[in-house]
Amino acid sequence: MTDTRVPILMYHAVATDPNDTTRALSVTPEAFVRQMEVIGDLGLTPLTTADLAGRWRSGRLLPPRPVLVTFDDGYEGVHRHALPVLRKHGFPATLFVSTGWIRGVHATGGALDRMLDWVQVRELAESGVEIGGHSHSHPQLDQLDDDALRFELTRCRDIVADELGALPVSFAYPYGYSSRRVRQEVRTTGYAQALAVGNELARRRQGPYALRRVTVRRSTGIEEFERLVEGRAITRAFTRDRALTKGYALVRRARQVCRKATRTRV
């Protein structure tokens with residue numbers, strides 16, 4: 001079986017006037033329209049996260065030129081601006097929700113901008129958008145102790161199941177951070193696959209709990225976007241991102257060591 005490389009696009013907000021906190025990782029509605037047109041014009045085949053991972057797990061063939069459209073957090077513009085475009089093209093997608101940020105009875109505060117409510121999430125699901133988990137309060141999961149980690153994963157899973165009538169099977173790590181312990185707990189919680197960031201193309205050999213994505217942001221021009229979905233010049237486009245990620249990974253590991261040492265002394 002060939003190790004097909006698949007672009008998994010990571011979006012956040014789709015908004016005309018996002019706030020300063022979400023602006024860099026948002027795209028304008030007009031840019032999103034053009035980007036989906038590029039996917040259609042190039043003859044790419046959008047899949048959900050569950051479909052891609054299921055095909056890789058079972059050995060079923062992938063469709064021609066697969067691509068994934070994914071959204072993190074649950075910003076209101078995914079319903080207002082992105083859903084009509086996805087419907088027009090007949091494209092499936094995956095939305096990973098932080099359940100404590102979604103407006104309604106489960107909200108705990110902390111959301112960075114205007115979020116979806118559960119009526120909108122259900123409409124997205126009914127329109128072919130897979131709803132996955134993204135934790136409850138959007139913490140850095142690898143920095144949590146075991147009990148807090150378990151709570152974040154199970155609370156998110158249970159709320160999605162209660163609201164939509166089906167357990168979520170896909171997960172995305174907040175901030176893209178994970179560890180062996182986090183990935184094992186995600187699996188134990190019942191998620192069948194999980195997405196990181198990495199700013200690389202996804203490959204089967206990465207394993208179902210560490211599939212990479214590429215970031216689409218407000219500064220992503222249409223020529224760069226076309227290169228991303230065609231898998232060209234990925235390393236060059238994200239050189240700075242990778243350097244920052246590696247540096248911060250060292251910081252997070254140092255923090256973990258300090259916490260373990262503190263708990264041992266106590």
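Q: What makes a helix crossing left-handed or right-handed?

A: A crossing is right-handed if the near helix is turned clockwise from the far one by less than a right angle, and left-handed if anticlockwise. In this predicted model, the crossing of helix 5 and helix 6 is right-handed.

Q: How are two packed helices described?

A: Two packed helices are described by the angle between their axes and the distance between those axes. Here the axes of helix 5 (residues 146-164) and helix 6 (residues 180-189) come within 10 Å and cross at roughly 40°. Helix 5 and helix 6 are therefore oblique to each other.

Q: Which residues of helix 5 and helix 6 meet?

A: From helix 5, Asp 146, Leu 149, Arg 150, Leu 153, Thr 154 and Arg 157 meet Arg 181, Val 182, Glu 185, Val 186 and Thr 189 of helix 6. Sorted by class, this contact has four nonpolar, two polar and five charged residues.

Q: At what angle do the axes of helix 1 and helix 3 cross?

A: The axes of helix 1 (residues 29-41) and helix 3 (residues 77-89) cross at roughly 20° and come within 10 Å. That makes helix 1 roughly parallel to helix 3, because angles under 35 degrees count as such. The crossing of helix 1 and helix 3 is right-handed. Pro 29, Phe 32, Val 33, Met 36 and Glu 37 of helix 1 make the contact with His 81, Ala 82, Val 85, Leu 86 and His 89 of helix 3. By class, that contact has seven nonpolar, two polar and one charged residues.

Q: How many helices and strands does the protein have?

A: The protein has nine helices and ten strands. Of its 266 residues, 49% are buried.

Note on methods
Residues are numbered from 1 along each chain as its sequence is written. This is a predicted model: local features need pLDDT of at least 70, side-chain atom pairs count only at pLDDT 80 or more; totals for chains, interfaces and linings use all residues. Side-chain values use heavy atoms; hydrogens and water are left out. Axes are lines fitted to C-alpha atoms, for helices over the stretch in contact, and angles run from 0 to 180 degrees between N-to-C directions. Helices (H or I, at least four residues) and strands (E, at least two) are DSSP runs, numbered from the N terminus. Angles under 35 degrees count as roughly parallel, over 145 as roughly antiparallel, 65 to 115 as roughly perpendicular and the rest as oblique. Contact means heavy atoms within 4.5 Å. Ala, Val, Leu, Ile, Met, Phe, Trp, Tyr, Cys and Pro count as nonpolar, Asp, Glu, Lys and Arg as charged, and the others, Gly among them, as polar. Buried means under 20% relative accessible area, exposed over 50%, partly exposed in between (1.4 Å probe, protein chains only).
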